[in-house]
Structure formats: C-alpha cells, structure tokens
Amino acid sequence: MHQEERGWLIEGLLSDTREPMLVIGRPGIGKTMLAIHLAYALATGSEWLGMQCRRVTVGCFFFEGAERSLLARIEKIAQQYPDPGDNLRLEVGMPFKLAGKVDEVATKLAGCQVAIFDPLRYMVR
C-alpha cells in the first residue's frame, strides 16, 4: 500500500491500519495532558498539534494521579473541543492488571477505533 493510499486517523502521523502509537517519556513532562487532548481531537475530528484528526470513537483508561485532579484536568481540556457525544468513552480510576480483565476491557472498547491507556505501566506489571 502506498502512503498516499492510506487512510489517516491523524493526518500524516497515525494511519488507520491498526498501527500502535506509543508516547513514552519521564514522569511529569505532560504525557497525560497530551493523551487527553489526543482523545478529544480524535473523538471530535479536530486538529491535534496542527494535524487534522478523523472523527472516530475513542476508549480511554486514565489512571495517572489523583482521580479528582485528573477529572478536573479532563473537564478543563473538554471545554476546548466540541462535544464528542458518544465518540468518547472515559474510564478514570485505579489502575488494574490488564491480564486479569481482558474481557472487561474488550467489552468497554467494543466499537472503538482507538484505545488510550495512561499509563500503561500499571496495567502490565
């Protein structure tokens, strides 16, 4: 498949061919904020870092920091985007081991074109 024939979830960055994208870095540099913006941009078909996103259904599992603080950050970012409606499914709370809950996670992600886990390290230890 030639690059120009690909469909893009994020223009020129992430194709719709089920390629994984990892955002990795040391703690405290803004990966969670980046992931929240990414989720809203994809769920609303908005731009993300100057690149157009296709509107898709996004499932998110956020476990970083205190739940109340995280929810406040999500609410603040949400105000910058159109309403995603049913295109954004958010799970915020305590981390869990993915191995023990694969079926539950798969059910929650059914119909989602994108899944975001932040941070993944708690789920795979």
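Me: What is the relative accessible area of phenylalanine 117?

Reply: The model is predicted, so local features need pLDDT of at least 70 and side-chain atom pairs pLDDT 80 or more, while totals for chains, interfaces and linings use all residues. Residues are numbered from 1 along each chain as its sequence is written, and side-chain values use heavy atoms, with hydrogens and water left out. Buried means under 20% relative accessible area, exposed means over 50%, and partly exposed lies in between (1.4 Å probe, protein chains only). Phenylalanine 117 is partly exposed because its relative accessible area is 25%.

Me: How many aromatic pairs does the whole structure contain?

Reply: Rings of Phe, Tyr and Trp (its six-membered ring) pair if their centres lie within 6.5 Å; planes under 30 degrees apart are stacked, those over 60 are edge-to-face, and the rest are tilted. When the whole structure is searched, the number of aromatic pairs found is three.

Me: Which class of pair do tyrosine 40 and tyrosine 81 form?

Reply: One partner, tyrosine 40, belongs to helix 1, whereas tyrosine 81 is in the loop between helix 2 (67-78) and strand 6 (88-92), and the two are 41 residues apart. Helices (H or I, at least four residues) and strands (E, at least two) are DSSP runs, numbered from the N terminus. Both tyrosine 40 and tyrosine 81 are buried. Since their ring centres are 5.8 Å apart and their planes lie at 25°, the pair is stacked.

Me: How many residues apart in the chain are phenylalanine 61 and phenylalanine 117?

Reply: These two rings form a stacked aromatic pair, with 5.3 Å from centre to centre and 10° between the planes. Phenylalanine 61 counts as buried because its relative accessibility is 3%. The pair links distant parts of the chain, as phenylalanine 61 sits in strand 5 (residues 58-62) and phenylalanine 117 in strand 7; their separation is 56 residues.

Me: Which residues do ring pairs link into a cluster?

Reply: Phenylalanine 61 and phenylalanine 117 are already known to be an aromatic pair. The cluster linked by ring pairs consists of Phe61, Phe63 and Phe117.

Me: How much space lies in the largest pocket?

Reply: On a 1 Å grid over the protein atoms alone, a pocket is an open set of points, where a 1.4 Å probe fits, with protein on both sides within 12 Å along at least five of seven lines; lining residues have an atom within 4 Å of a point. Grid points are joined across faces, edges and corners, and a volume is the space filled by probe spheres set on the points. For the largest pocket this space is about 1,000 Å³.

Me: Which strand gives the most residues to the lining of the largest pocket?

Reply: The lining has 32 residues, and those closest to the centre of the pocket are Met21, Leu22, Ala115, Ile116 and Phe117. At least two residues of the lining come from each of strand 2 (14-15), helix 1 (31-44) and strand 7 (114-118). With five residues, the element that gives the most is strand 7.

Me: Which residues does threonine 32 contact, leaving aside neighbours within four places in sequence?

Reply: Threonine 32 has its place in helix 1. Its relative accessible area is 6%, so threonine 32 is buried. Contact means heavy atoms within 4.5 Å. By this rule, and with those neighbours set aside, threonine 32 is in contact with Glu64, Leu70, Arg73 and Asp118.

Me: Is aspartate 83 buried or exposed?

Reply: Aspartate 83 lies in the loop between helix 2 and strand 6. Not counting residues up to four places away in sequence, aspartate 83 touches Thr44 and Arg55. Because its relative accessible area is 63%, aspartate 83 is exposed.

Me: How many disulfides are there?

Reply: A disulfide is a pair of cysteine sulfur atoms within 2.5 Å. By this rule, the count of disulfides is zero.

Me: How far from cysteine 112 is the nearest cysteine sulfur?

Reply: Cysteine 53 is in no disulfide, its nearest cysteine sulfur being that of cysteine 60, 12 Å away. Cysteine 112 is likewise in no disulfide, and the sulfur of cysteine 60 is the nearest to cysteine 112, at 8.2 Å.
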